Amino acid sequence: MPNKKSAERRVRISERNRLYNKHWSSMCKTVVKNLLQAVEAGDKELAVKSFNTAQSVIDKAVVKGVMHRNTAARRKELMSRHMKAMNA
């Protein structure tokens, strides 16, 4: 346990940030998983809708500081490769 008031505050803040980051990270993983499932099923409409949603969620995670912009770019590139493979 922290001995100082400022240390107690930092513990509370870091726990709050951890939960916030976990929420956004989980949401990013879920939307990417939904896209990959749609691509595997061959459902083009659902895949396009999921792709747009996934890009939006990943971009919001970058703006909120949860994900690094290079990580987001890498994940979006992975999604676009799957979309191109489905169309080909």
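Keep in mind that the model is predicted.

Start with helix α1, residues 5–41. It has 37 residues. At 1.5 Å a residue, they should span 54 Å.

Now, which residues of α1 are buried? They are Ile13, Trp24, Cys28, Val31, Val32, Leu35, Ala38 and Val39. These buried residues pack against α2, residues 44–63, and α3, residues 69–87. After α1 comes glycine 42, and its phi is positive, near 80°.

Next, the charged pairs. Side chains of opposite charge can pair when their charged atoms come close. How many salt bridges does the structure hold? Three.

Take α1 again. Arginine 18 bridges to glutamate 15, with the closest N and O atoms 2.9 Å apart. Both sit in α1, three residues apart, about one turn of the helix. Arginine 18 is partly exposed, at 43% relative accessible area. Glutamate 15 is partly exposed too, at 36%.

On to lysine 76 and aspartate 59. Their closest N and O atoms are 2.7 Å apart. Lysine 76 lies in α3 and aspartate 59 in α2, so this pair ties together parts that are 17 residues apart in sequence. Lysine 76 is partly exposed at 23%, and aspartate 59 is partly exposed at 34%.

Last pair: arginine 81 and glutamate 77 meet in a salt bridge at 3.7 Å, N to O. Both lie in α3, four residues apart, about one turn of the helix. Arginine 81 is partly exposed at 49%. Glutamate 77 is partly exposed at 38%.

Methods: Residues are numbered from 1 along each chain as its sequence is written. This is a predicted model: local features need pLDDT of at least 70, side-chain atom pairs count only at pLDDT 80 or more; totals for chains, interfaces and linings use all residues. Side-chain values use heavy atoms; hydrogens and water are left out. Helices (H or I, at least four residues) and strands (E, at least two) are DSSP runs, numbered from the N terminus. The expected span of a helix is 1.5 Å times one less than its number of residues. Buried means under 20% relative accessible area, exposed over 50%, partly exposed in between (1.4 Å probe, protein chains only). Contact means heavy atoms within 4.5 Å. A salt bridge is a side-chain nitrogen of Lys or Arg within 4 Å of a carboxyl oxygen of Asp or Glu.
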